[in-house]
Amino acid sequence: MAWFKRKDKGIQTTTEEKKDTPKGLWYKSPTGKIVDTKELEQNFYVSPEDGYHVRIGSKEYFEILFDDNKFKELDPDLTSKDPLKFEDTKKYPDRLKAAQEKTGLKDAVRTAVGKSNGQNLVIACMDFTFIGGSMGSVVGEKIARAADYALKKKIPFMIISKSGGARMMEAALSLMQLAKTSVKLAQLADAGIPYISLSTDPTTGGTTASFAMLGDINIGEPGALIGFAGPRVVRDTTGQELPEGFQTSEFLLEHGFLDFITHRKNLKKKVNLYIDLIKNQPLRTA
């Protein structure tokens with residue numbers, strides 16, 4: 001005998017009255033750990049159980065690094081053109097428009113200036129959600145302009161790299177950005193202005209071959225993929241099996257390509273500590 005009996009046949013709840021579970025309440029890390037998204041945000045977007053650093057963008061990094069999340073964005077309206085009239089499965093302008101609508105971003109990097117631990121800092125932060133964080137002419141131009149701003153105002157400069165490499169839709173124009181950004185960083189070095197590079201997951205291709213590895217201090221996030229070509233390409237090209245952990249930030253630290261790896265919760269403190277040391281000024285305690 002059934003314990004319960006349906007009084008009315010069929011589902012009586014209208015579509016408008018149905019209660020759905022809101023999306024984004026939980027996050028599952030690659031190791032299978034489940035964490036509440038609010039808890040994740042409060043823990044600097046790091047899974048508290050396994051320490052996995054979730055991929056985040058400029059919005060989140062600016063929140064972490066700028067005091068009270070106050071900053072002035074530089075060149076916010078700079079957008080890419082289509083000088084090569086490139087077309088694959090989509091026309092390049094259509095791909096740009098779709099990426100802009102999906103992400104709310106103009107291109108794959110945002111640049112800003114604000115206070116960090118009470119002193120000015122210029123930050124250029126890449127966004128992987130915009131065409132894989134690919135480096136095109138706008139990315140190079142915005143980084144170059146941000147470096148010029150830092151040079152003119154004598155403010156320390158930081159780049160946060162998160163990129164799949166140069167943007168194929170701009171071909172040689174994107175490759176030119178390697179030299180362009182490297183020259184600007186050399187000008188900062190000549191002027192004695194600190195440049196901090198943070199490589200996050202993933203940092204690959206032209207970014208690694210240029211500004212990502214040119215810092216006075218080169219920092220990595222735990223477990224980040226950092227390299228020029230992907231592991232599969234390297235393995236197929238060399239014909240050799242790769243060592244365990246190849247191209248992780250821990251592997252690069254062990255082989256001298258990074259100065260240190262830091263948990264995201266310590267990032268602001270560490271960046272400003274090394275700026276103080278480079279500038280030979282009193283250490284800030286904030």
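This is a short walk through one structure, from a helix to a strand and on to its aromatic rings. Keep in mind as you look that the model is predicted.

Let's start at helix 2, which spans residues 58-65 and is mostly covered, with six of its eight residues buried. The buried ones are Ser-58, Glu-60, Tyr-61, Phe-62, Ile-64 and Leu-65. If you look around them, the elements that cover these residues include strand 3 (71-74), strand 4 (109-116), strand 5 (119-126), strand 6 (157-163), strand 7 (195-203) and helix 8 (267-279).

Six of its eight residues are buried, so strand 5 is largely enclosed by the rest of the structure. On one side you can follow its pairing with strand 4, which is antiparallel and runs over eight bridges. Within that pairing, Lys-115 has Asn-120 of strand 5 as its bridge partner. The two strands form a hairpin with two residues between them, and Asn-117 in the turn has a positive phi of about 55 degrees.

Strand 5 also pairs with strand 6, this time in the parallel sense and over four bridges. Here Ile-123 stands opposite Met-158 in strand 6. To see how the chain gets from one strand to the other, trace helix 4, residues 137-153: together with strand 5 and strand 6, helix 4 makes a right-handed β-α-β unit.

Now for the rings. A search of the whole structure turns up six aromatic pairs. One of them joins Phe-62 and Phe-66 in a tilted arrangement, 5.3 Å centre to centre with 55 degrees between the planes. Both Phe-62 and Phe-66 are buried. Ring pairs also bring in Phe-71, linking Phe-62, Phe-66 and Phe-71 into a cluster.

How are the rings of Phe-260 and Tyr-274 arranged? Their centres are 4.9 Å apart and their planes lie at 20 degrees; planes under 30 degrees apart count as stacked, so this pair is stacked. The pair links distant parts of the chain, with Phe-260 in strand 9 (residues 260-261) and Tyr-274 in helix 8, 14 residues apart. Phe-260 counts as buried because its relative accessibility is 10%, whereas Tyr-274 is partly exposed, with a relative accessible area of 25%.

Finally, look for charges over rings. The charged end of Lys-270 sits over the ring of Phe-260, 5.7 Å from its centre. Elsewhere, Arg-55 lies over the face of Phe-128, at 4.7 Å from the ring centre.

Notes. Residues numbered from 1 in each chain as written. Predicted model: local features only at pLDDT ≥ 70, side-chain atom pairs only at ≥ 80, totals over all residues. Heavy atoms only, no water. Buried < 20%, exposed > 50% of the residue type's maximum accessible area, 1.4 Å probe, protein only. Contact = heavy atoms within 4.5 Å. Pairing = 2+ DSSP bridges. Right-handed = clockwise from strand over helix to strand, strands pointing away. Phe/Tyr/Trp six-rings, centres within 6.5 Å; stacked < 30°, edge-to-face > 60°. Lys NZ or Arg CZ within 6 Å of the ring centre and 35° of its normal.
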